[in-house]
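Here are my notes on the structure, written as numbered points to be read alongside the coordinates.

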Amino acid sequence: TSNENIIQANALRYDWNDLLPASECDYIIGNPPFLGARQQSKEQKSDLLEVLGKRKGTGNVDYVIGWYFKAAAYMNDNLISCAFVSTNSVSQGEQVSFLWKWLMEQGFRMLFAHQTFRWDNEASDKAHVYVVVIGFGKEIGSAQLFMYETPDSQPSCKVVANINGYLKEGPSNFIENRSKPILEGVKEINYGSFALDDGNYTIKKDEYDHLLEDDPGIAQYLRLFLGANEVLNAKERWCVWLDGVSEEGVEAHPALAEKVRRVRDWRASSTRKNTVELAETPMRFAEIRQPRSGYLAIPTICSERRDYIPLALLSADVIASNQIYVLPNASLYDLGILQSRFHNAWMRTVAGRLKGDYRYSAAIVYNNFVWPNPAPENKQAIEQAAQAVLYARAAHPGKSLAELYDPNKMPSDLLAAHKALDRAVEDAYGPDFNGDEEKIVAHLFELYSLLSQKN
């Protein structure tokens with residue numbers, strides 16, 4: 001057996017034509033390294049710059065994307081077919097536009113694609129990786145789309161006219177980062193507040209009880225402080241909340257004064273200029289975005305097992321952390337739309353992922369979502385259905401949202417309430433899709449495309 005055509009080299013810096021001229025190549029098959037933007041070394045960042053140049057967003061893409069650009073440059077106008085096993089992030093979030101918009105502008109298209117599935121590799125630690133397999137080239141004709149009901153399911157194959165960058169059947173639309181909702185009149189969302197306190201202002205139950213035992217008067221300065229984990233799992237956590245409090249008020253409580261001193265010293269010792277400047281206002285969170293009214297809490301991270309991201313209506317005295325998105329002055333109609341299958345199907349398609357879990361975002365998911373324009377009777381039906389969902393949740397006291405929305409344990413009355421809400425929201429959009437997510441997403445992309453052309 002000859003090994004003369006096997007080389008060991010940095011594939012992103014090596015000229016593939018030196019191994020095999022592109023004119024003589026038929027197929028490229030590969031399993032490039034899986035490294036996220038925050039996991040790359042300086043050398044690997046440099047590798048990507050070598051291939052991608054200084055395109056906007058280069059510093060935020062996965063290492064594997066370099067192979068797609070390198071392969072495309074090598075393939076050029078030759079009828080070469082390429083297939084890579086990749087982390088599923090190449091078909092999610094902002095990386096879709098970065099990669100597939102450019103590739104398709106160069107005349108490439110997907111020849112086949114496997115949607116996300118869980119790959120058990122042969123490593124000793126048996127790590128589970130969520131991957132996709134994508135074949136692309138410049139051949140014309142139909143494409144094969146392999147769809148997975150769950151990451152552990154066997155695929156079903158469908159012959160389609162086109163596969164878009166989100167590995168869905170349909171036209172190639174691209175969702176860009178957007179700073180405000182695409183529709184006028186839609187309320188804006190933002191992260192909750194960020195302490196930047198080295199943990200000094202975040203208080204767990206044991207410390208909370210201890211503080212109140214030593215100084216009952218300190219209770220007025222402690223507020224519930226919820227992030228995604230607390231909202232979903234009904235966990236209690238508090239924070240020191242001193243917004244608008246005088247220094248004299250703090251000094252009357254030694255435990256508070258000590259926490260303020262620690263925050264001041266920690267911020268002042270930072271190597272970051274902005275953090276050092278915040279040492280001058282140690283009693284305040286670094287970023288305060290707390291609504292003055294009730295609000296809807298949207299977890300930033302949610303399990304991919306759930307059919308619906310569980311949303312929660314919270315009062316203004318509950319401090320939202322930066323692990324949830326906040327929609328102030330939320331109505332039952334807002335809850336109904338965002339809790340519906342329409343919004344969740346959109347989220348599942350365009351959101352990024354953290355491993356397999358959904359990573360909600362304002363810029364990609366919420367701001368690009370096209371709300372319906374309901375008739376008064378449709379809006380009322382959605383409000384009533386949303387209230388029915390809340391009633392169904394309340395019928396199971398002691399159950400966390402994580403327990404209620406476990407797909408294997410979801411109470412039948414809650415599931416029925418969600419199905420009714422889904423029907424009400426679908427009626428507001430007009431077409432009858434009978435809950436078919438593929439059709440729902442295709443319709444939302446059409447609405448998005450029409451609005452994008454106007455904006």
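1. In this predicted model, helix α2 and helix α3 (residues 94–105) pack at an angle of about 10°, and their axes are 11 Å apart. Angles under 35 degrees count as roughly parallel, and α2 and α3 are therefore roughly parallel to each other. The α2 side of the contact is made by Ile65, Tyr68, Phe69 and Ala72, while α3 brings Gln95, Phe98, Leu99, Trp100, Trp102 and Leu103 to it. Sorted by class, the contact of α2 with α3 has nine nonpolar residues, one polar residue and no charged residues.

2. Helix α2 (residues 65–75) also packs with helix α1 (residues 42–52), and here the axes come within 9 Å and cross at roughly 30°. That angle makes α1 roughly parallel to α2, and the crossing of the two helices is left-handed. From α1 the contact takes Leu48, Val51 and Leu52, and from α2 it takes Ile65, Gly66, Phe69 and Lys70. By class, the contact of α1 with α2 has five nonpolar residues, one polar and one charged.

3. For the protein as a whole, the secondary structure comes to 15 helices and 17 strands, and the C-alpha trace spans about 80 × 60 × 45 Å along its principal axes. Of the 455 residues, 50% count as buried. The accessible surface comes to about 22,700 Å², and 48% of that surface belongs to carbon and sulfur atoms. Among contacts between residues at least 6 apart in sequence, 70% join residues that are at least 24 apart.

4. Pro32 has its place in the loop between β1 (27–30) and α1, and with a relative accessibility of 4% this proline counts as buried. Which residues does Pro32 contact, leaving aside its neighbours within four places in sequence? They are Val64, Trp67, Phe84 and Val85.

5. Leu167, in the loop between β6 (156–160) and β7 (190–191), has a phi near 60°, a positive value in a residue other than glycine. Leu196, in the loop between β7 and β8 (202–203), has a phi near 55°, which is again a positive value in a residue other than glycine. Leu167 counts as buried at 2% relative accessibility, and Leu196 counts as buried at 16%.

6. Is Val159 buried or exposed? This valine is found in strand β6, and its relative accessible area of 55% makes it exposed, since exposed means over 50%. Leaving aside neighbours within four places in sequence, Val159 is in contact with Ser142 and Ala143. Val159 and Ser142 are 17 residues apart in sequence, and the distance between them, C-alpha to C-alpha, is 6.6 Å.

7. Arg341 lies in helix α10 (residues 341–350), and this arginine is buried, with a relative accessible area of 12%, because buried means under 20%. Not counting residues up to four places away in sequence, Arg341 touches Tyr308, Arg348, Lys419, Asp422, Gly435, Glu437 and Ile440. That list includes Asp422 and Glu437 as well as Arg348 and Lys419, and a reader interested in this arginine may wish to inspect it in the structure.

8. Val365 is found in helix α11 (residues 362–366) and, at 0% relative accessibility, counts as buried. Apart from its neighbours within four places in sequence, Val365 is in contact with His343, Trp346, Met347, Val350, Ala351 and Tyr360. Its separation from His343 is 22 residues in sequence and 8.8 Å in space, taken from C-alpha to C-alpha.

Definitions and conventions. Residues are numbered from 1 along each chain as its sequence is written. This is a predicted model: local features need pLDDT of at least 70, side-chain atom pairs count only at pLDDT 80 or more; totals for chains, interfaces and linings use all residues. Side-chain values use heavy atoms; hydrogens and water are left out. Axes are lines fitted to C-alpha atoms, for helices over the stretch in contact, and angles run from 0 to 180 degrees between N-to-C directions. Helices (H or I, at least four residues) and strands (E, at least two) are DSSP runs, numbered from the N terminus. Angles under 35 degrees count as roughly parallel, over 145 as roughly antiparallel, 65 to 115 as roughly perpendicular and the rest as oblique. A crossing is left-handed if the near helix is turned anticlockwise from the far one by less than a right angle, and right-handed if clockwise. Contact means heavy atoms within 4.5 Å. Ala, Val, Leu, Ile, Met, Phe, Trp, Tyr, Cys and Pro count as nonpolar, Asp, Glu, Lys and Arg as charged, and the others, Gly among them, as polar. Buried means under 20% relative accessible area, exposed over 50%, partly exposed in between (1.4 Å probe, protein chains only). Accessible areas come from the Shrake-Rupley method with a 1.4 Å probe; for residues, only the protein chains shown count as cover.
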